[in-house]
Amino acid sequence: MTAIENQTSNVQPSMEPILNVENLNVWFPITGGILGRPRGWVKAVNGISFSVQPGEALGIVGESGCGKTTAGRAILRLLPRGSAHISGHVYFEGQDLYALKSRELRAIRRHAQIIFQDPIGSLNPRMTVGAMITEPLLVHKIITRQKVRAHVAELLKRVGFDADAAYRYPHEFSGGQRQRIGIARALAVNPRLIVCDEPVSALDVSIQAQVLNLLADLRRELGLSYVFIAHNLAVVEHFSDRVAVMYLGKIVELGPAHSVVSHPSHPYTQALLSAVPLPIPDRTTGRTVLQGEVPNPANPPSGCPFHPRCPLATAKCRIEMPPIEIKRGDIAHTAACWNVE
C-alpha cells in the first residue's frame, strides 16, 4: 500500500466517552415451520463491550463473519426493526440509543453517521451528488435553502471536488471518488462520531491511502471520533488509537494499537498478524496457520470460542469462557485467554 500518514492522537481522556457499548448482543433468528417461529439463533454479536473517547479512533478487526459489521450497524440502530434480537446498551453521549423513541433517535442521528463499505450501493443512482448531500441538511434543518448551494460546494471542496460535481450522478465517478462522496454526505450534518464500515476494502490500493489520509485529516480538523471497521491490521495500526479484535461475535483482545500489534496476547491476534504480508521475499517462517474452520455462529462451541482452532487450548478452555482481563502488566491492554498472563 502507498504510505499512510501516521496519525497524531486527538483523544481527550479526561472527558466522558462519546460512545459506550455494554454487553451488546445481536442474535438473528433461524425460523422454520408453518408459523415461522425461531428454531435457533445466529449469534452474530455475542456480548461485546467497549468505549470510544472524544477524538479517538477505535479499530475493529477480524476475519469475515466475525460480527464486526453487524456490531457497527447495531451501534447506530441501523438494523431493520424485528430482524434480530438485540440486547445490551449503547450509550451515545450518555443517552441509551435503544431506549429512545423514533423522534428522539432522529435528533441523535445527525451526530452519529456511517460510511458504508460499498460506495456505489450506498448512493442513490437517481439523485445527483448535490441532492444527496442537500437532503440531510434540509431534513435536520441545519441550513436554509438559500445557503444550501454554497454549503454543498464547501463540503465537496473539503473532500477534493469542484463545485460542478454537485450536478453529476454517482455512475459518473470512480470507486474512490464515490467513497469521497459518501464521506461528504456523512460530514454534511456535522457529526461527532462516524462508523467507518470497511471504507477502503472495495478500492484500489493506491486510492485506499488517499481516502484514509482524507479521513485522518478530517479527524484532526474537526475533532471527529471514529469506529473504524477493517480487515487490514496494518491499516488499522496506523489509523487507530486502539484496536479491538473480534472472533465469532466476541472481542478477544483490546488495547492500544501499537501494543496489540507489537505484543499480541491472544493466539488469534497472533495468527492474524502472522498472515500480514511483509516486504521480505525470503521469509518462510513465522506464519501461524490455523487449523479447521470458523465454527457456526448458530452453534458456537462451549468455553472459549477459539479453542477448536487454538494451538494452546486446554481442557479448561473447552469448558469455561475466559474473561477479558489485563495481560502483560499493561492496564490498557486486555485479552480473553486462559493461557496468557
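Is F239 buried or exposed? With a relative accessible area of 2%, F239 is buried (buried means under 20% relative accessible area, exposed over 50%, and partly exposed in between, using a 1.4 Å probe and protein chains only).

## Before we start

This is a predicted model, in which local features need pLDDT of at least 70 and side-chain atom pairs count only at pLDDT 80 or more, while totals for chains, interfaces and linings use all residues. Residues are numbered from 1 along each chain as its sequence is written, and side-chain values use heavy atoms, with hydrogens and water left out.

## Rings that meet

Let us stay with F239 for a moment. The structure holds six aromatic pairs (rings of Phe, Tyr and Trp, the last by its six-membered ring, pair if their centres lie within 6.5 Å; planes under 30 degrees apart count as stacked, over 60 as edge-to-face and the rest as tilted). One of them joins F228 and F239: the ring centres are 4.5 Å apart and the planes stand at 35 degrees, so this pair is tilted. F228 belongs to strand 8 (residues 225–230) and F239 to helix 7 (residues 233–239), so the pair ties together parts that are eleven residues apart in sequence. (Helices, H or I with at least four residues, and strands, E with at least two, are DSSP runs numbered from the N terminus.) F228 is buried too, at a relative accessible area of 0%. Ring pairs also bring in Y226, giving a cluster of Y226, F228 and F239.

A further pair, Y247 with F306, is edge-to-face, with 5.1 Å from centre to centre and 85 degrees between the planes. Y247 is in strand 9 (residues 242–247), and F306 is in the loop between helix 9 (267–274) and helix 10 (315–319), so this pair ties together parts that are 59 residues apart in sequence. Y247 counts as buried at 0% relative accessibility, and F306 counts as buried at 1%.

## Charges over rings

Rings can have charged partners as well (a charge sits over a ring if NZ of Lys or CZ of Arg is within 6 Å of the ring centre and within 35 degrees of the ring normal). K43 lies over the face of W27, 4.6 Å from the ring centre. The charged end of R77 sits over the ring of Y98, at 5.5 Å from its centre.

## Salt bridges

How many salt bridges does a search of the whole structure find? The search finds eight (a salt bridge is a side-chain nitrogen of Lys or Arg within 4 Å of a carboxyl oxygen of Asp or Glu). One of them joins R192 and E93, at 2.5 Å from N to O. This pair links distant parts of the chain, 99 residues apart: R192 is in the loop between helix 5 (175–187) and strand 7 (193–197), and E93 is in the loop between strand 4 (85–92) and strand 5 (95–96). R192 is partly exposed at 34% relative accessibility, and E93 is partly exposed at 35%.

D217 and R220 form another salt bridge, with their closest N and O atoms 2.4 Å apart. Because they are three residues apart in helix 6 (residues 205–222), about one helical turn separates them. D217 is partly exposed at 27%, and R220 is partly exposed at 36%. The side chains of R168 and E172 also meet in a salt bridge, at 3.8 Å from N to O.

## A look at R73

R73 lies in helix 1 (residues 68–75) and is partly exposed, with a relative accessible area of 31%. What does R73 touch, leaving aside its neighbours within four places in sequence? R73 is in contact with L78, L79, F116 and D197 (contact means heavy atoms within 4.5 Å).

## A covered helix

Helix 9 is mostly covered, with six of its eight residues buried. Those buried residues are P267, Y268, T269, A271, L273 and S274. Their cover includes helix 7, strand 9, strand 10 (250–256) and helix 8 (257–262).
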